There are 2 protein chains.
Amino acid sequence: MQTVDAIIHAGFIIPVQPLNHILTQHSLVIHQGNILDILPTQLCNSRYQSDNTQERLEHVIIPGLINAHTHSPMSLFRGLADDLALDDWLNHYIWPAEKKWSTPEFIAAGTELAIAEMLRSGTTCFNEHYPFAKIIAKITDKLGMRACIGGFFIDFPTNDAQNSETYFNKAGQLIQQYQSHPLITMAIAPHAPYSVSDNHFKRCLQLAETYQLPIHIHMHETKFEVTNSLKEYNARPLERLNQLGLINQRFISVHSVWLDDSDIQLLGTHNAHVVHCPKSNLKLASGFAPIQQLIDDGVNVALGTDGAASNNSLDLFSEMQTAALLAKAVSQSPTALPAAQALKMATLNGAKALGIDHITGSLETNKAADLAIIHLNNIESLPLYDPISQLVYATNKSQVTDTWVAGQQLLNNKKLTLINEQQLCNTIKVWQDKISKDL
Amino acid sequence: MQTVDAIIHAGFIIPVQPLNHILTQHSLVIHQGNILDILPTQLCNSRYQSDNTQERLEHVIIPGLINAHTHSPMSLFRGLADDLALDDWLNHYIWPAEKKWSTPEFIAAGTELAIAEMLRSGTTCFNEHYPFAKIIAKITDKLGMRACIGGFFIDFPTNDAQNSETYFNKAGQLIQQYQSHPLITMAIAPHAPYSVSDNHFKRCLQLAETYQLPIHIHMHETKFEVTNSLKEYNARPLERLNQLGLINQRFISVHSVWLDDSDIQLLGTHNAHVVHCPKSNLKLASGFAPIQQLIDDGVNVALGTDGAASNNSLDLFSEMQTAALLAKAVSQSPTALPAAQALKMATLNGAKALGIDHITGSLETNKAADLAIIHLNNIESLPLYDPISQLVYATNKSQVTDTWVAGQQLLNNKKLTLINEQQLCNTIKVWQDKISKDL
């Protein structure tokens with residue numbers, strides 16, 4: 001008998017790799033942060049023992065979900081301004097609120113709120129895109145969460161940096177700081193093609209090449225962005241960035257709504273990644289991303305929630321469901337984006353996009369023990385013919401009972417282990433009261 | 001001091017009528033099944049007393065949600081077959097399963113499962129469209145739920161009736177039986193234009209006119225249906241039914257995806273109702289209904305989940321959110337279908353469609369005490385700038401704590417009061433095991 005850190009006996013385990021595979025009455029063995037074994041429970045009982053053995057017999061274990069695009073601190077703006085035209089929303093609500101409120105304390109509180117929400121809904125890793133990356137990384141580290149933190153860049157001043165030198169310096173320092181962190185990796189996060197000049201893109205590229213980091217950027221979100229780029233640069237945004245040398249297997253193209261065949265081909269031939277944010281794209285009326293076409297052309301498509309100011313939640317279950325449903329209507333085929341594919345988008349494809357699929361994204365021996373556990377024995381999940389279908393089409397984030405990151409249980413039977421929920425709610429209400437006074 | 005049946009002190013009350021109205025720290029007074037008063041809590045304490053006084057201070061009270069189109073017993077087919085082309089799904093899964101399994105016992109179990117799920121997610125009334133209406137009505141009555149039960153008709157035999165005479169006889173008898181029922185009203189429910197002949201539509205109309213009942217029917221769900229009708233009848237389905245005299249203020253046109261301007265005008269000028277089922281329309285790749293255009297043209301639009309075999313849940317919170325998000329992208333405007341309008345679709349507009357808006361659909365004195373209560377003091381609902389936005393864009397059915405129908409509390413602090421959840425789950429698993437054997 002081998003003594004291990006933890007054992008979870010589960011009703012079902014869905015490893016995601018291979019696709020569409022469902023193990024019943026299996027156990028997952030965790031040791032030193034990693035998955036040591038996945039085997040039938042009966043066999044497990046004769047091979048392993050642990051002081052921390054948990055029974056989740058009415059549950060399914062899946063790889064922890066990966067939110068491949070978000071702006072964590074914006075959780076403090078959840079529901080601040082909805083149902084508005086994009087420029088009204090930005091000019092009269094979001095940008096003034098950011099200008100007024102985004103201080104280090106605001107960023108810290110918003111990040112903790114976002115991480116709490118993500119952990120409670122089975123997300124174990126997020127891809128962050130926001131100023132004040134240093135504070136976001138610090139909170140992420142403190143709370144034991146996995147993340148890819150973007151070194152933010154935009155041609156305009158924010159409360160975090162007044163000029164491009166400061167942005168690049170801050171990004172460079174953060175990259176150094178987290179170079180050997182066990183859970184936090186870095187990306188370069190230029191804002192968007194319309195807000196970053198060619199010269200600054202070249203510096204982003206240089207930084208990305210030096211450290212072999214992903215470039216994480218909003219691309220082709222609105223039709224306007226594409227037509228404007230054609231006017232200004234005589235090139236579509238992806239074409240322009242390709243000319244600058246940015247499009248490669250570490251390029252993460254977020255949104256990617258307004259793509260023509262040449263864009264899709266460009267992404268495909270360069271093995272670039274797309275992050276689909278269906279709920280944000282609907283809410284801001286950005287449009288319908290051609291997801292099934294991207295998949296058919298071999299592009300790796302991951303899923304993101306975007307920020308809570310334009311969603312208004314960081315719930316990848318809802319995002320998976322919306323993605324799977326929407327793809328069918330958009331491609332006029334009910335066989336488009338089947339459940340297993342949607343689950344892969346929210347897990348392994350996210351890990352691939354972030355360049356960490358050797359570490360996480362599927363339940364395989366020697367990968368990190370990044371897990372979400374979901375209760376399936378309730379009125380809304382019955383009858384249970386196919387757990388994968390149930391996860392995508394009938395599961396609600398409130399059914400998540402446990403979340404583990406690198407072998408550490410951050411949600412235990414619905415309770416956050418490192419975050420004091422009541423204290424966090426109180427902190428958020430103080431911010432709510434302050435910010436409300438302006439409304 | 002007046003003694004009343006029940007008093008609920010609430011953080012917020014959203015009456016829906018008038019639109020966009022939010023009352024804070026108010027109380028709702030229930031007596032003899034109806035709303036006796038809605039007033040500031042302080043005032044309430046000096047005017048009313050009750051042995052049943054409940055504090056829901058971190059909560060919002062809204063009118064009970066109205067599911068304006070569903071097939072309750074199909075809950076037993078939840079997740080039976082997904083990601084399939086429509087004809088494959090119907091011919092190889094749903095129809096054979098219905099033929100094999102739909103017995104009175106199946107209908108009773110499926111209906112109880114559906115009602116349990118609806119009550120747990122704040123739904124207090126549903127508009128039913130399925131064979132075996134008599135059994136569905138009986139279970140509905142037993143469980144204290146409000147419903148409009150359709151007297152089902154189709155030109156083909158089902159396990160419920162072998163020929164048209166039997167269908168019409170059964171509908172006629174049921175109408176008589178429920179004529180003075182306090183919670184159950186009836187409708188005539190012909191299946192669809194492609195499955196009912198002109199002569200049979202005339203008999204449906206006759207029955208509807210005699211008893212002044214709504215006609216509840218699937219319309220313009222697929223493009224194919226419209227082109228086929230043009231070939232066969234030289235008229236679009238709505239046009240054909242209008243020629244037969246069916247389109248009036250009691251006509252409930254479900255789905256209504258493929259509408260042209262003439263269809264929309266027809267619905268508008270006859271004060272007919274549309275039931276939008278966005279998630280079903282996406283999942284079956286039916287298409288995108290022109291909801292904002294219908295609203296702009298004055299058509300009353302309600303919300304439905306469709307059956308759990310094509311959704312796969314009976315969750316109007318998810319449906320409201322999907323409707324509000326989708327309408328923005330479809331109409332290319334982020335100001336389309338704002339939150340308050342989506343909430344009205346799921347409440348008062350449903351009541352209007354069913355012809356019971358004098359009884360339910362909004363929180364007003366003398367209307368029935370049909371309520372849903374939602375907890376808003378949790379990580380996912382904070383910060384709370386606007387409770388209506390939060391309900392539509394950031395609320396999850398699991399936040400529903402209480403559901404009242406006609407002054408009877410059917411969900412009390414997340415516990416069903418008339419349904420034994422464990423027993424129901426066990427019953428459903430017996431069905432699951434039987435049906436699984438065929439898969």
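Contact, on this tour, means heavy atoms within 4.5 Å. You are looking at a predicted model, where local features need pLDDT of at least 70, side-chain atom pairs count only at pLDDT 80 or more, and totals for chains, interfaces and linings use all residues. Residues are numbered from 1 along each chain as its sequence is written, chains are lettered from A and ligands numbered from 1 in the order in which they are written, and side-chain values use heavy atoms, with hydrogens and water left out.

**Stop 1: a helix in chain B**

Select Ile115(B), which sits in helix α3 (residues 104-120) of chain B. Helices here are DSSP runs of H or I with at least four residues, strands are runs of E with at least two, and both are numbered from the N terminus. Ile115(B) is buried, at 0% relative accessible area. Buried means under 20% relative accessible area, exposed over 50%, and partly exposed in between, using a 1.4 Å probe and protein chains only. Show its surroundings, setting aside residues up to four places away in sequence, and you'll find Phe126(B), Ile139(B), Thr140(B), Leu143(B), Met145(B) and Ile419(B) touching Ile115(B).

**Stop 2: over to chain A**

Pick Thr140(A) in helix α4 (residues 133-142) of chain A. Thr140(A) is buried too, with 0% relative accessibility. Beyond neighbours within four places in sequence, its contacts include Thr111(A), Ile115(A) and Phe126(A).

**Stop 3: the annotated site**

Next, colour residues 60-409 of chain A, which UniProt (unreviewed entry) labels "domain: Amidohydrolase-related". UniProt positions follow the numbering used here, feature names are shortened, and annotations may be inferred rather than shown by experiment. The span is 42% helix and 18% strand, and its end C-alpha atoms lie 16 Å apart.

Which residues does the UniProt annotation "binding site" cover? The unreviewed entry gives His69(A), His71(A), His218(A) and Asp306(A). They span 238 residues in sequence, but no two of their C-alpha atoms are more than 11.8 Å apart, so they gather at one spot.

Zoom in on His71(A), in the loop between β7 (65-70) and α2 (86-101) of chain A. His71(A) is buried at 9% relative accessibility. Outside four places in sequence, it contacts Glu128(A), His129(A), Tyr130(A), His218(A), Asp306(A) and Gly307(A). Look for the backbone oxygen of His129(A), 2.5 Å from a polar atom of the His71(A) side chain.

Then move to His218(A), in strand β11 (residues 215-219) of chain A. His218(A) is buried as well, with a relative accessible area of 6%. Its side chain makes a polar contact of 3.5 Å with that of His71(A). (A polar contact is a pair of N or O atoms within 3.5 Å; within protein, one must be able to donate a hydrogen and the other to accept it, and residues adjacent in sequence count only if both atoms are side-chain atoms.) Not counting residues up to four places away in sequence, His218(A) also touches others, including His69(A), His191(A) and His255(A).
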